[in-house]
Amino acid sequence: MAASMASGGGRRENTTKVAVAEQISQVVQSTSNLLHLMQQSSPSHTQLMKLPKNLLTKTPAIRNTKQVLEQMPKVISSLDAHIENGMQSVPHLKTVAQLLTNMESNQLSSLSQVGVSRED
């Protein structure tokens, strides 16, 4: 049940993150277009010329962010599955730990008995 909820939530998150990344890209493009228009009509032409170049250099980083955001639900789902498997292994680990403790105790008992018999 948790897995089905996670996959449904993952799809929603993925859709939301893709939409956000697309909106960011649109905002960057719109801002760049606005700056181009401002350049053509502004007296401080040289300062404004630097802005679109700086903004456009960030476009690849925005695309990379979009790719990372798209992959996040898969990564989270995978981590969740690993944690779930680990949690299912806890009772087995407790059994193994108890067996090791018993073995150690038996070995110590037999060693102490050998030590006592040698002293006799």
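Helices here are DSSP runs of H or I with at least four residues, strands are runs of E with at least two, and both are numbered from the N terminus. By that rule the chain has 3 helices and 0 strands, and from the N terminus on the order is α-α-α.

Some bookkeeping. This is a predicted model, in which local features need pLDDT of at least 70 and side-chain atom pairs count only at pLDDT 80 or more, while totals for chains, interfaces and linings use all residues. Residues are numbered from 1 along each chain as its sequence is written, and side-chain values use heavy atoms, with hydrogens and water left out.

Confidence next. pLDDT is the predictor's confidence in each residue, from 0 to 100. The chain average is 78, and 76% of the residues score at least 70. Helix H3 has the highest mean, 84, and helix H2, residues 45–57, the lowest, 69. Over residues 1–6 pLDDT stays under 50, and the model has 1 contact for them beyond four places in sequence; a contact means heavy atoms within 4.5 Å. Where pLDDT is low, the predicted coordinates should not be read in detail.

Now the whole chain. Of the contacts with a separation of 6 or more, 57% join residues 24 or more positions apart. Of the 120 residues, 13% count as buried, that is, under 20% relative accessible area, with exposed over 50% and partly exposed in between, using a 1.4 Å probe and protein chains only.

Finally, Val 68. Val 68 sits in helix H3, residues 59–119, and is partly exposed at 46% relative accessible area.
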